[in-house]
Structure formats: C-alpha cells, structure tokens
Amino acid sequence: MQSLKPWLSLALVVVIVMVGYAGASAWFVFPLTALFAAAYIDGKWYAWEGLFRQGGSKLYRALLVTYLIDLFVVLALYLLGVVIAYFVA
C-alpha cells in the first residue's frame, strides 16, 4: 500500500484540477479539501499520532488550521483548472 500513496495523491490533485476544468460548482472545493486534508494527515501520521491520542482542543485547532491551509491549496488547484479551461476554449 505504501507504493500507492504517491499515485493516489497525484490522482487527487488531478481530480481537483479537472473539477475546475469541467466548470463544476465551487462548492465542490469544500469536500475535496476534506479529502486533501485526510491525505495530508495520513502522509504525516508520525506527527499527528500524538495529537490524536491526546485529543482535546489542541487536536481541534490543528485540524482547523490544516483544513484552512488545505482549503487555499485546493482552491488554487481548482482555479488552475478554471484558467486552463479558459485558455483552451
């Protein structure tokens, strides 16, 4: 399974760009951000494991900050797809 992680991550990035390219609603960015954040946490599990064991407000703050940062990344990828579609058409 370890060897599939880079390919699945790349596929997620391609899906996000293609959603923008297809002209889908920008509301798709929010659930895609949740998937992107989950993939990030899975990739950095050694750093997140202690937070999940500890729980509490520290975990929730870390999740919120991670979601917001990933929201900007996913929005940038979505807009990249929109721009590509604009120049192709």
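Tutor: Start with the rings. This is a predicted model, and it holds 4 aromatic pairs.

Student: How are the rings of Trp 27 and Phe 30 arranged?

Tutor: Planes under 30 degrees apart count as stacked, over 60 as edge-to-face and the rest as tilted. The planes of Trp 27 and Phe 30 meet at 40°, so this pair is tilted. Their ring centres lie 5.6 Å apart.

Student: Is Trp 27 buried or exposed?

Tutor: Exposed means over 50% relative accessible area, buried under 20%, and partly exposed in between. Trp 27 has 66%, so Trp 27 is exposed. Phe 30 has 36% relative accessibility and therefore counts as partly exposed.

Student: What about Trp 45 and Phe 52?

Tutor: They form a tilted aromatic pair, 5.3 Å centre to centre, with 35° between the planes. Trp 45 is partly exposed, at 37% relative accessibility. Phe 52 is partly exposed too, at 36%.

Student: Now the surface. Which residues form the nonpolar patch?

Tutor: Patch residues need over 30% relative accessible area and no salt bridge. Here the patch consists of Trp 7, Leu 10, Val 14, Met 18, Tyr 21, Leu 80, Ile 84 and Val 88. Together they have about 780 Å² of accessible area. Two elements, α1 (5-21) and α4 (56-88), each give two or more residues.

Student: Which element gives the most to the nonpolar patch?

Tutor: That is α1, with 5 residues.

Student: And where does Leu 80 lie?

Tutor: In helix α4. Leu 80 has 40% relative accessibility, so it counts as partly exposed.

Terms used. Residues numbered from 1 in each chain as written. Predicted model: local features only at pLDDT ≥ 70, side-chain atom pairs only at ≥ 80, totals over all residues. Heavy atoms only, no water. Patch = residues over 30% accessible without salt bridge, like charges linked within 9 Å, V, L, I, M, F, W, Y side chains within 5 Å. Areas by Shrake-Rupley, 256 points an atom, 1.4 Å probe, with all protein chains shown as cover. Salt bridge = Lys/Arg side-chain N within 4 Å of Asp/Glu carboxyl O. Helix = DSSP H or I, 4+ residues; strand = E, 2+ residues; numbered from the N terminus. Buried < 20%, exposed > 50% of the residue type's maximum accessible area, 1.4 Å probe, protein only. Phe/Tyr/Trp six-rings, centres within 6.5 Å; stacked < 30°, edge-to-face > 60°.
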